[in-house]
Amino acid sequence: MINEEIRAKEVRLVGADGEQIGIKSTREALQMAADLNLDLVNVAPQAKPPVCRIMDYGKFRYEQQKKEKEARKNQKIVDIKEVWFRANIEEHDFQTKLRNVVKFLKDGDKVKCSVRFRGREITHANIGQKILERVKTEVAEISVVERQPKLEGRSMIMILAPKAQ
């Protein structure tokens with residue numbers, strides 16, 4: 001709440017440079033802010049009496065938006081990359097897909113490892129379990145298992161997350 005939106009009779013006033021002015025009537029505080037060509041901003045409405053500060057509200061909002069923009073720029077968005085394996089995968093194909101898993105984990109992304117079963121392969125779900133267990137042991141030093149291998153429909157799924165450095 002700023003300026004005329006403040007409905008309290010009295011406010012604890014903080015000056016433009018941060019010094020405590022004391023408890024003043026709202027009208028008197030508004031007049032002091034107007035004399036300095038600044039705004040009266042309610043910074044702690046739950047306090048008794050509410051705490052108000054004399055400041056340039058437009059500049060304050062601009063600084064806040066700048067800080068939020070900087071925080072958004074610095075945050076890392078974690079993607080979930082998916083790597084498909086087959087139940088009867090050959091060694092070279094396995095190594096290639098494993099390299100991709102390692103690359104994704106080192107980039108800071110989560111990896112969803114899936115074994116897709118086709119036709120009658122679903123009766124040998126233990127083969128898919130072995131493949132995912134092997135992936136888990138190969139990348140154990142750079143990842144943690146977020147979700148253990150679990151059969152969902154015709155796929156067995158496991159989710160790996162990068163270890164926090």
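How many helices and how many strands does the chain have? I counted four helices and eight strands. Helices (H or I, at least four residues) and strands (E, at least two) are DSSP runs, numbered from the N terminus.

**Entry 1: ground rules.** I am working on a predicted model, so local features need pLDDT of at least 70 and side-chain atom pairs count only at pLDDT 80 or more, while totals for chains, interfaces and linings use all residues. Residues are numbered from 1 along each chain as its sequence is written, and side-chain values use heavy atoms, with hydrogens and water left out.

**Entry 2: overall layout.** I read the order of elements from the N terminus as β-β-α-β-β-α-β-α-β-α-β-β. I then looked up the extent of the C-alpha trace, which spans about 85 × 25 × 25 Å along its principal axes. The chain has a radius of gyration of 30 Å, whereas a compact globule of 165 residues would have one near 15 Å. The radius is taken over C-alpha atoms, and the globule rule is 2.2 Å times the number of residues to the power 0.38.

Entry 3: I found an open sheet of four strands in the order 2-1-4-3, with mixed pairing. Its edges are strand 2 (20-25) and strand 3 (39-44); each has a single partner strand, so one side of each is left without a neighbour in the sheet. From one strand to the next the twist averages 35°. For angles, axes are lines fitted to C-alpha atoms (for helices over the stretch in contact), and values run from 0 to 180 degrees between N-to-C directions.

I went through the pairs next; two strands pair if DSSP finds at least two bridges between them. Strand 1 and strand 2 are antiparallel over five bridges, and Leu13 has Gly22 as its bridge partner in strand 2. These two strands form a hairpin with five residues between them, and Gly18 in the turn has a positive phi of about 95°. Strand 1 and strand 4 are parallel over three bridges. Strand 3 and strand 4 (residues 51-55) run antiparallel and are joined by five bridges.

Which residue of strand 4 is the bridge partner of Ala44? I found Val51. Val51 is also listed as the bridge partner of Arg12.

Helix 1 (residues 26-35) packs on this sheet and touches strand 1 (10-14), strand 2, strand 3 and strand 4. Contact means heavy atoms within 4.5 Å. The direction of helix 1 makes about 125° with that of strand 2.

**Entry 4: two loops.** The peptide bond from Lys48 to Pro49 is cis, with omega near -15°. Asn37 is in the loop between helix 1 and strand 3. Its phi is positive, at about 55°, although Asn37 is not a glycine.

Entry 5: I found another open sheet of four strands, in the order 5-6-8-7 and with mixed pairing. Strand 5 (80-86) and strand 7 (143-152) are at the edges with a single partner strand each, so one side of each is left without a neighbour in the sheet. Here the twist averages 15° from one strand to the next.

Strand 5 and strand 6 (residues 110-116) run parallel, joined by seven bridges. Ile80 has Lys110 as its bridge partner in strand 6. Helix 3 packs on the sheet, touching strand 5, strand 6, strand 7 and strand 8 (155-162), and its direction makes about 165° with that of strand 5. Helix 4 touches strand 5, strand 6, strand 7 and strand 8 as well, and its direction makes about 10° with that of strand 8.

**Entry 6: helix 3 against helix 4.** At what angle do helix 3 and helix 4 pack? I noted about 50° for helix 3 (residues 91-106) and helix 4 (residues 125-138), with their axes 11 Å apart. That makes helix 3 oblique to helix 4; angles under 35 degrees count as roughly parallel, over 145 as roughly antiparallel, 65 to 115 as roughly perpendicular and the rest as oblique.

The contact is made by Glu91, Phe94, Gln95 and Leu98 of helix 3 and by Ile131, Arg134, Val135 and Glu138 of helix 4. I sorted these residues into four nonpolar, one polar and three charged. Ala, Val, Leu, Ile, Met, Phe, Trp, Tyr, Cys and Pro count as nonpolar, Asp, Glu, Lys and Arg as charged, and the others, Gly among them, as polar.
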